[in-house]
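Thanks for coming, everyone. I'll take a few minutes on strands and cores. Please have a look at the model first.

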Amino acid sequence: MAGSRFDRVVADLLEDYSRARLQTWIKQGLIVLDGQTVPPRQRVKGGEIMGAELPELASSASEVAAEPISFDIVFEDDQVIVINKPPGMVMHTAPGNYAGTMQNGLLNYAPQLSSIPRAGIVHRLDKDTSGLVMIAKTLTAHNSLVQQLQDRRVHRVYDAILTGVPVAGGTINEPIGRHQVDRKRMAVTERGKSAVTHYRIAEKFPRHCHVRVKLETGRTHQIRVHLSHIQYPLVGDTVYGGRRKIPAGVSDLVKTTVVKFPRQALNASELGIVHPVSGEEVRWNMDLPEDMNALLETLRAG
């Protein structure tokens with residue numbers, strides 16, 4: 001990010017808002033750099049702290065209803081919560097999803113999060129992606145974690161099960177942006193933002209493959225878009241994998257299991273950060289969820 005315009009950096013972090021709106025907030029001093037109001041065009045040096053106190057974000061958090069929702073909490077201290085998100089849970093409220101989200105549950109679990117943008121949620125997993133997510137409990141933690149994401153210092157490794165078998169691992173370095181026609185989807189496009197995905201082979205099967213994926217950037221739907229782009233879509237991904245294609249030569253058991261797999265086979269298995277207060281490097285690891293383990297066992301059985 002060093003050398004980039006401040007408004008471009010902010011747009012990368014706050015993808016839900018237009019660049020024009022973000023530029024206005026920067027000019028109003030609602031988004032600051034190292035505590036100072038700076039022009040949107042100012043170039044960042046790297047290592048600065050971005051601060052954001054947006055009335056829209058703060059009020060939206062306070063207007064979301066708190067709900068008792070059970071969480072699988074992997075770690076918690078006075079600054080950070082790490083949660084193992086189940087598939088099917090939406091991260092935060094949005095049109096059509098005003099209840100049952102992680103944001104609703106967080107506001108019940110820790111009411112003080114109403115003062116933190118989006119109840120402390122600093123990064124997201126898709127509804128049907130499972131695994132580790134981090135929550136900031138204080139503004140200090142929020143600013144630190146957002147900065148680490150901006151500087152590409154957050155360690156994130158995912159497990160994915162693909163249709164098809166790559167010859168070897170590799171790196172996908174292709175920009176991602178909104179699809180030209182379907183604005184709900186993302187796509188590889190020259191007008192997109194920089195996106196880098198590294199993947200390595202964990203286990204091969206006759207017509208499928210288990211890979212481990214490391215994110216360098218964190219664009220919306222990045223792993224799903226990138227792997228589909230190289231013709232190895234995730235099992236169960238009906239958005240980017242098209243119709244459920246069953247490779248020729250697989251057994252009836254594999255065919256039935258793959259067709260019935262209810263979601264994209266993607267799990268956030270490793271998460272690592274620099275602790276916002278102690279400065280220590282901390283990492284968490286989670287085993288694969290039951291549904292992905294069962295899918296792998298079926299693929300091994302052939």
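Let's start with a hairpin: S3 and S4 form one, with three residues between them. Strands here are DSSP E runs of at least two residues, helices are H or I runs of at least four, and both are numbered from the N terminus. Before going on: this is a predicted model, where local features need pLDDT of at least 70, side-chain atom pairs count only at pLDDT 80 or more, and totals for chains, interfaces and linings use all residues. Residues are numbered from 1 along each chain as its sequence is written, and side-chain values use heavy atoms, leaving out hydrogens and water.

S3, residues 73-76, pairs with S4 in the antiparallel sense over three bridges; pairing takes at least two DSSP bridges. Isoleucine 73 has isoleucine 83 of S4 as its bridge partner. S4 also pairs with S5, again antiparallel, over six bridges. There, asparagine 84 is bridged to leucine 132 of S5.

How many of the residues of S4 are buried? Six of six. Buried means under 20% relative accessible area, exposed over 50%, partly exposed in between, with a 1.4 Å probe and protein chains only. Val80, Val82 and Asn84 cover one side; Ile81, Ile83 and Lys85 the other.

Now the largest nonpolar core: 32 residues, in which Met102 and Leu106 touch the most other members. Such a core is a set of buried Ala, Val, Leu, Ile, Met, Phe, Trp, Tyr and Cys residues joined through side-chain atoms within 4.5 Å. S11 gives the largest share, four residues.
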